[in-house]
Amino acid sequence: MHKIKYLSIYNELKKTILDGTYPIQSKLPSKRILANFYNVSVMTVDNAYQQLIAEGYVISMERKGYYVNDLPEHRFFKQGTSILDEHVEDENNISDIQFPIRLTYFPHHIWAKLSRKVLSDDLNMMDFQVNPQGLIGLRVEIKKYLEIYRGIHASIDQIVIGSGSQAMMQLVIALVGRDYTFIMEEPGFPRLKNIIRLSGMKLLTIEQDDQGIIINKVTGLHPTVLHITPSHQYPTGKVMPVGRRIECLNWSILDEHRYIIEDDYDSEFRYQGQPIPAVQSLDKSSKVIYMNTFSKSLSPALKINYLVLPKTLMNAYHNIKSVMPCSVPIFEQKVLLEFMKEQHFERHLNKVKKIYRKKALYIIDKFKNEKLIKISGHETGLHMILTFDSKIEISALDLIFYQQSVHLQKLNYFYDNEPKEGRDYMFEYTSLDDDEIAKTVEIIIQALNEQKKSF
Ligand SMILES: Cc1ncc(COP(=O)(O)O)c(C=O)c1O
């Protein structure tokens, strides 16, 4: 029995090291915490650690604890991937759903009704190519929405519809040219970073303070595109105050070849006070490329995004648009157009905002007496950040989250230069139902209570 316990602890730790849950050089849970957790003696845990040390996975540092050894990079597979995933698709699994996302509360009935209407009303629809910028009617609706909710004034000619943020970034790259260096916030959105790098563009990530990206650190670079998420920094959840927004704009006008991409990906969801007007609405010098998506506000499966181009890029756009056809099918565009025109979009946003707000308030209430957790980034958007106090042994917490498949993403994942000991976690509570949220909260509280016993 004793041997089996030691082996299962050993196997579990090895697995978490190999899949990158515990990255190289990170601290592992103490023997005492693990013994408590597995309900075994400290000696049993010590045996598991000794085996891992013998095999070279772990090193022990006197009076500090156990750490993941500095193993060669190729032995690690980032969370969520395995060797099998990379090459073989399971033929018995015919589901295309990669990540079950329930954040949308998608209005199926209305969408079905409008789809039928579009199909029966417009018999010629399939005979034509879509305008490269997207349907005029849909752009009119987007323009109206942006005016009312984001303070953005643009002509429909400045709006370009496309499929996925990758298509939008590719368009920006085509517009500015390949000499540009992209700058992104650190931490930031890994998918976009990868798109930029895969396109062969230079990318720098710049650290943030409590107001957002420290733009004054970006000097001497030329030409440059700065990507920011001012409404709700992804992932930290900070809202960029107007002072820093103006600093970014001031930075952009110092050089003709500087642009800002304002990525407004989840700005629709503001739970307290008024929506904060977009940076684009403050832009007097045509420097801001505004980017948004229906992935968060409606459905990630739709894959409909858009840009509002600054007037300074319109000539460049008209020169290339004939080779950049619109990547969103006409049918989806027509249905979305009807959806917006009949005001379902606003109604849908109001409905889900109430649901998400209730979920957020539930979590805040549950943690209100918990001094070891700080909640931030919850005023806007679809996720919040939980920061655990320095008294908490983070590696022990990680193990519990891993074992119980807790829906928290360590913020380390979003960094180019990972902090040594990350205490921040992204909680995408809007994609969980109420029971799942309650369970997650309970696991966290229990894990903290367990640790408190030894304070
Ligand atoms: C920062 C940021 N930008 C943009 C997007 C939207 O990406 P897409 O519309 O390609 O799903 C997301 C989605 O998570 C995001 O987090």
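1. Let me begin with the largest nonpolar core, which has 53 residues; Val 172, Ile 260, Ile 289 and Leu 307 touch the most other members. Helix α7 (residues 164-176) supplies the largest share of this core, 6 residues. Please keep in mind that this is a predicted model.

2. Apart from that core lies another, made of 37 residues, and Ile 9, Tyr 22, Val 45 and Tyr 429 are among them.

3. Val 45, from the 37-residue core, is found in helix α3 (residues 42-55). Is Val 45 buried or exposed? Val 45 has 26 other C-beta atoms within 10 Å, and the cut-off for burial is 20 or more, so Val 45 is buried. Leaving aside neighbours within four places in sequence, Val 45 is in contact with Ile 9, Lys 31, Leu 34, Ala 35 and Val 40. Thr 430, by contrast, is 385 residues from Val 45 in sequence and 37 Å away in space, C-alpha to C-alpha.

4. On domains, the assignment gives domain 1 (2-73), domain 2 (108-342) and domain 3 (347-452). The C-alpha centres of domain 1 and domain 3 lie 25 Å apart, and their contact takes 12 residues from domain 1 and 10 residues from domain 3. On the side of domain 1 that touches domain 3, helix α2 (residues 31-38) gives the most, with 3 residues. By class, that side of domain 1 has 6 nonpolar, 5 polar and 1 charged residues.

5. Around the ligand sit Gly 164, Ser 165, Phe 189, Thr 229, Tyr 234, Asp 263, Tyr 265, Thr 293, Ser 295, Pro 300 and Asn 305. This shell divides into 4 nonpolar, 6 polar and 1 charged residues.

6. Finally, the overall picture. The protein has 14 helices and 14 strands, and its C-alpha atoms fill a box of roughly 75 × 55 × 45 Å along the principal axes. A compact globule of 455 residues would have a radius of gyration near 23 Å, so the 24 Å of the protein agrees with that. Buried residues make up 36% of the 455 residues. Among contacts between residues at least 6 apart in sequence, 71% join residues at least 24 apart.

Conventions: Residues numbered from 1 in each chain as written. Predicted model: local features only at pLDDT ≥ 70, side-chain atom pairs only at ≥ 80, totals over all residues. Helix = DSSP H or I, 4+ residues; strand = E, 2+ residues; numbered from the N terminus. Buried ≥ 20, exposed ≤ 12 C-beta atoms within 10 Å, placed from the backbone. Contact = placed C-beta atoms within 7 Å. Near = placed C-beta within 6 Å. Nonpolar A, V, L, I, M, F, W, Y, C, P; charged D, E, K, R; others polar. Rg over C-alpha atoms; globule rule 2.2 N^0.38 Å. Core = buried A, V, L, I, M, F, W, Y, C linked by C-beta atoms within 7 Å. Domains from an automatic or database assignment.
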